[in-house]
Amino acid sequence: MKRPISGFDGDYSGPIVLAGRFNDPTCEKTMTHTRSIAVKNGHFNATILDVPFSVDLAANGGFSFSGVRQTDHATVTGTGKIAGQTMELEYNHAW
């Protein structure tokens with residue numbers, strides 16, 4: 001069995017920068033939010049937009065996720081990649 005090559009193993013809690021379109025679809029903006037993320041033993045755990053995720057990492061550090069928020073049943077889907085000390089997340093939501 002191959003062990004995932006994530007390069008990052010531990011907990012992170014703090015600000016992350018989100019770039020993209022926010023509120024006004026005619027302009028690009030950057031927002032900072034606080035998130036708690038844990039990557040341990042090849043497993044990604046996080047809460048994104050109030051949806052908890054727990055995902056096994058692939059051998060290349062990549063992963064995808066999908067979940068539903070309890071309060072309004074909105075769906076959140078996304079993909080991610082961990083390489084060294086860097087994690088990239090791309091996610092979509094219904095609201």
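Is Thr71 buried or exposed? Thr71 is exposed, because its relative accessible area is 69% and the cut-off for exposed is over 50%.

## Model and confidence

This is a predicted model. Mean pLDDT for the protein chain is 77. Of its residues, 72% reach 70 or more.

Strand β5, residues 62-68, has the highest mean, at 90. Strand β1, residues 10-20, has the lowest, at 71. Where pLDDT is low, predicted coordinates should not be read in detail.

## Overall make-up

The protein chain has seven strands and zero helices. Read from the N terminus, the order of elements is β-β-β-β-β-β-β.

The chain has 95 residues, and 34% of them are buried. Among contacts with a separation of 6 or more, 31% join residues 24 or more positions apart.

## The nonpolar core

The largest nonpolar core holds 15 residues. Val39, Phe44, Phe63 and Phe65 have the most contacts inside it. Five elements are named as giving two or more residues to this core: β2 (29-40), β3, β4 (51-56), β5 and β6.

## Aromatic pairs

The whole structure contains four aromatic pairs. One of them joins Phe44 and Phe65, and this pair is stacked. The ring centres are 6.3 Å apart, with 25° between the planes. Phe44 sits in strand β3 (residues 43-48) and Phe65 in strand β5, so the pair ties together parts 21 residues apart in sequence.

Phe44 and Phe65 are both buried. Ring pairs also build a cluster, made up of Phe44, Phe53, Phe63 and Phe65. Of these, Phe44, Phe63 and Phe65 are also listed among the core residues with the most contacts.

## The loop between β5 and β6

Arg69 is in the loop between β5 and β6 (75-83). Arg69 is buried, because its relative accessible area is 13% and the cut-off for buried is under 20%. The side chain of Arg69 makes a polar contact with the side chain of Asp72, at 2.6 Å.

Thr71 lies in the loop between β5 and β6 as well. Thr71 and Asp50 are 21 residues apart in sequence. In space, their C-alpha atoms are 9.0 Å apart.

## Asp11 in strand β1

Asp11 belongs to strand β1. This is the strand with the lowest mean confidence, 71. Asp11 counts as exposed, because its relative accessibility is 56% and the cut-off is over 50%.

Which residues does Asp11 contact, leaving aside neighbours within four places in sequence? They are Ile37, Ala38 and Lys40. Asp11 and Ile37 are 26 residues apart in sequence. Their C-alpha atoms are 5.9 Å apart in space.

Note on methods. Residues are numbered from 1 along each chain as its sequence is written. This is a predicted model: local features need pLDDT of at least 70, side-chain atom pairs count only at pLDDT 80 or more; totals for chains, interfaces and linings use all residues. Side-chain values use heavy atoms; hydrogens and water are left out. pLDDT is the predictor's confidence in each residue, from 0 to 100. Helices (H or I, at least four residues) and strands (E, at least two) are DSSP runs, numbered from the N terminus. Buried means under 20% relative accessible area, exposed over 50%, partly exposed in between (1.4 Å probe, protein chains only). A polar contact is a pair of N or O atoms within 3.5 Å; within protein, one must be able to donate a hydrogen and the other to accept it, and residues adjacent in sequence count only if both atoms are side-chain atoms. Contact means heavy atoms within 4.5 Å. Rings of Phe, Tyr and Trp (its six-membered ring) pair if their centres lie within 6.5 Å; planes under 30 degrees apart count as stacked, over 60 as edge-to-face and the rest as tilted. A nonpolar core is a set of buried Ala, Val, Leu, Ile, Met, Phe, Trp, Tyr and Cys residues joined through side-chain atoms within 4.5 Å.
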